[in-house]
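Dear colleague,

Please find the sequence and structure below, for your files. My notes on what was found follow directly after them.

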Amino acid sequence: MVKNIGRKLFFGGAFLGVLGAGGGYATYQRRLRENRSISAEDYNAAQNQSDVQGALRLLRSGDAASATKLYRYTTCPWCGTVKAFLDCQKIRHDCVEVEPMLKGEINESAYKKVPQLRFDKADGTKGPYLVDSGIIVDTLAKEFGLGKQLDSEDVKKWRDWARGPLVRLMTLEFNKSLFDAWSGYSYIDKCDTIPYANKLFLKVVGAPVMYLVALNVTKPRLIRDGFLSVTDVPAERFHKELNRFAEEALHDAKTKKAKPFHGGNAPDLVDMDTFGVLQAVRGHRMYDELIAKTKISEWLRSMDSVVGNKPYTS
């Protein structure tokens, strides 16, 4: 009797796994087609540019008429870079959690990736969009007096590192097993705006997709680019890169003395991008581990203070 129940559970689990993988592959392919349907540059160019400039002026002025929305996934590192910039610059905004598989929250947008900013007004008027994390941050940097940083080779080097190898190492560790990938979607349970059926679909279908992508796309790319060897433990290499950031980016190149931020006494675009990327795993065991095992915990506390976060507790 017990053996029969065990077999049923085993084959039932296997069936769900196959179903999830098959459904996940089809959904993943659909998402890729949607993502390629229009580029960020073309979508931004199609917006009413007069409305965009008007919205940016409202943002700069802090006018209460502005009701900017950030469409994001909590666990999206690129979304985190946009939120970190908004928070550092004290730009008022509301976050809208997008369900990652069906994306019903951005149905009105022809562009199907996040993050997206929509410059709505407090009276309910829907405004134009600005999409793509790099474009959003660079555009806002120019508007808020940080444009000169975009010309710095050192800033560019560390931003490329944060948005490239660091994101990929974090993603690989986050989805290192099917169980870890499943667990990584637990954040969605707290989102009351997303129906239960969508949450279940996300876990059954989304988790296998992310696990397979991490294994077959992310890992080979890290190896190819020299940020991971076949024998490396991803978590250890992730921590090693964070320690390199602490030792190089958070020290003055001439005096070799430590500094609070890459930007000196205040965060710059490097600090914002790196902090934003790491917020994708805030509350996850990975965040607890990087605080305990790397040299960036003091910098994280300083960034929390700047953006207005409560002190982090595991």
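K90 lies in the loop between α4 (77–88) and β2, where helices (H or I, at least four residues) and strands (E, at least two) are DSSP runs numbered from the N terminus. Although K90 is not a glycine, its phi is positive, at about 55°. K90 is exposed, with a relative accessible area of 56%. Throughout, buried stands for under 20% relative accessible area, exposed for over 50%, and partly exposed for what falls in between (1.4 Å probe, protein chains only).

Please note that this is a predicted model, in which local features need pLDDT of at least 70 and side-chain atom pairs count only at pLDDT 80 or more, while totals for chains, interfaces and linings use all residues. Residues are numbered from 1 along each chain as its sequence is written, and side-chain values use heavy atoms, with hydrogens and water left out.

K103 also has a positive phi of about 55° without being a glycine. This residue belongs to the loop between β2 and β3, and K103 counts as buried at 3% relative accessibility. P115 is placed in the loop between β2 and β3 as well, and the peptide bond that leads from V114 to P115 is cis, with omega near 10°. As background, most residues other than glycine have a negative phi, and most peptide bonds are trans.

Turning to the overall composition, the protein contains twelve helices and four strands. Of its 314 residues, 46% are buried. The protein exposes about 16,100 Å², of which carbon and sulfur atoms supply 56%; these areas come from the Shrake-Rupley method with a 1.4 Å probe, and for residues only the protein chains shown count as cover. Among contacts (heavy atoms within 4.5 Å) between residues at least 6 apart in sequence, 71% join residues at least 24 apart.

The four strands form an open sheet with mixed pairing, in the order β2-β1-β3-β4; two strands are taken to pair if DSSP finds at least two bridges between them. At the edges stand β2 (94–97) and β4 (129–131), each of which pairs on one side only. Neighbouring strands of the sheet are turned by 25° against each other on average, direction ignored. Here axes are lines fitted to C-alpha atoms, for helices over the stretch in contact, and angles run from 0 to 180 degrees between N-to-C directions.

Strand β1 (residues 66–72) runs antiparallel to β3 (residues 116–121), and six bridges join the two. Within this pairing, A67 stands opposite D120, and T68 has F119 as its bridge partner.

Helix α3 (residues 49–61) packs on it, touching β1, β3 and β4, and its direction makes about 80° with that of β3. Helix α5 (residues 133–143) lies across β3 and β4 and runs at about 115° to β4.

The largest nonpolar core has 55 residues, and those with the most contacts inside it are F85, L117, F238, F245, L278, I296 and W299. A nonpolar core is a set of buried Ala, Val, Leu, Ile, Met, Phe, Trp, Tyr and Cys residues joined through side-chain atoms within 4.5 Å. Helix α6 (residues 153–174) gives the most to this core, with ten residues. The core lies between domain 2 (40–146) and domain 3 (152–307), because both give residues to it; the domain bounds come from an automatic or database domain assignment. Leaving aside neighbours within four places in sequence, L278 is in contact with residues including L166, M170, F238, Y287 and W299. A second, separate core of 17 residues includes C76, V114, Y187 and L202.

Finally, D252 is found in the loop between α9 (234–249) and α10 (269–278). D252 is partly exposed, with a relative accessible area of 29%. Not counting residues up to four places away in sequence, D252 touches K257 and K259. The C-alpha atoms of D252 and G263, which are eleven residues apart along the chain, are separated by 9.9 Å.

With kind regards
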